[in-house]
Structure formats: C-alpha cells, structure tokens
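Here is a short briefing on one protein model. Keep the sequence and the coordinates open while reading.

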Amino acid sequence: MDRTRTFAVVLEPEEEGGFTVRVPALPEIVSYGKDEAEALAMAADAIRLVLEDDAARGEPPPASDASRIRQVTVTLAA
C-alpha cells in the first residue's frame, strides 16, 4: 500500500512577515511559518497529524490532492 499523499497548500504572505498556510483539501488546517520553508514544514506536520487522527478513528486516508494553485492578474477599467 502506498503511504505517500500529496496535497496542495496555499501560502499567504503576512504583513508582519511570514506566511499563513492552508490546505484546501483539509480545511481544518491553518498554520504559520516565519518563512516559506517553515510554513511548508508546519503544513506537512499538520497534514500528518490530521491523517493519523483520521486513521485512529478508522477513517480511510483521502486520495492525493491534484489541485493546482495559480495566480490570475486582471486589469480593472478606469
């Protein structure tokens, strides 16, 4: 059984520095890191904890998340 899962994460820069990180497939996860690397590490830890908790309750692990996060820039009419 493959025990590897991939999830999209959203990093939101904070005015005071650092990033808030969210996991769209697991909306209960909201974390923070002082830089991108720490935010991603915090997300990985949170994902692991949620999946372990789900497994302890007998819930099957979710499938890997194939979401793609992109940015779209628009120009507003004056």
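A residue counts as buried when its relative accessible area is under 20%, and as exposed when that area is over 50%. Serine 31, at 14%, is therefore buried. The model is predicted.

**Sheet and helix**

- Three strands form an open sheet in the order S1-S2-S3, and the pairing is antiparallel.
- S1 and strand S3 (30-33) are the edge strands. Each has a single partner strand, so one side of each lacks a neighbour in the sheet.
- From one strand to the next, the twist averages 30 degrees.
- S2 and S3 run antiparallel and are joined by 4 bridges.
- Across from phenylalanine 19 stands glycine 33, a residue of S3.
- H1 packs on this sheet and touches S1, S2 and S3. The direction of H1 makes about 150 degrees with that of S3.

**Serine 31**

- Where does serine 31 sit? It is part of strand S3.
- Which residues does serine 31 touch, leaving out those up to four places away in sequence? The contacts are Phe19, Thr20, Val21 and Met42.
- Serine 31 is buried because its relative accessible area, 14%, falls under the 20% cut-off.

- Glutamate 16 lies in the loop that links strand S1 (10-13) and strand S2 (19-22).
- Is glutamate 16 buried or exposed? Its relative accessibility is 65%, so it counts as exposed.
- Glutamate 16 and lysine 34 are 18 residues apart along the chain, and their C-alpha atoms are separated by 9.7 Å.
- Lysine 34 also counts as exposed, at 59% relative accessibility.

**Salt bridges**

- Side chains of opposite charge can pair when their charged atoms come close.
- How many salt bridges does the structure hold? There are 6.
- One of them joins lysine 34 to glutamate 38, with the closest N and O atoms 3.9 Å apart. That distance counts because the cut-off is within 4 Å.
- Glutamate 38 is partly exposed, at 28% relative accessibility.
- Aspartate 45 and arginine 48 form another salt bridge, at 3.0 Å from N to O.
- Aspartate 45 and arginine 48 are 3 residues apart in helix H1, so about one helical turn separates them.
- Aspartate 45 is partly exposed, with a relative accessibility of 39%. Arginine 48 is partly exposed as well, at 44%.
- Aspartate 53 and arginine 57 meet through their side chains in a salt bridge, again at 3.0 Å from N to O.
- Aspartate 53 has a relative accessible area of 41%, so it is partly exposed.

**Nonpolar surface patch**

- Val72, Val74 and Leu76 make a nonpolar surface patch of about 380 Å².
- Leucine 76 belongs to the segment after helix H1 (36-56).
- Why does leucine 76 count as exposed? Its relative accessible area is 72%, and the cut-off for exposed is over 50%.

Conventions:
Residues are numbered from 1 along each chain as its sequence is written. This is a predicted model: local features need pLDDT of at least 70, side-chain atom pairs count only at pLDDT 80 or more; totals for chains, interfaces and linings use all residues. Side-chain values use heavy atoms; hydrogens and water are left out. Patches are made of residues with over 30% relative accessible area and no salt bridge: like charges are joined within 9 Å, nonpolar side chains (Val, Leu, Ile, Met, Phe, Trp, Tyr) within 5 Å. Accessible areas come from the Shrake-Rupley method with a 1.4 Å probe; for residues, only the protein chains shown count as cover. Helices (H or I, at least four residues) and strands (E, at least two) are DSSP runs, numbered from the N terminus. Buried means under 20% relative accessible area, exposed over 50%, partly exposed in between (1.4 Å probe, protein chains only). Two strands pair if DSSP finds at least two bridges between them. Axes are lines fitted to C-alpha atoms, for helices over the stretch in contact, and angles run from 0 to 180 degrees between N-to-C directions. Contact means heavy atoms within 4.5 Å.
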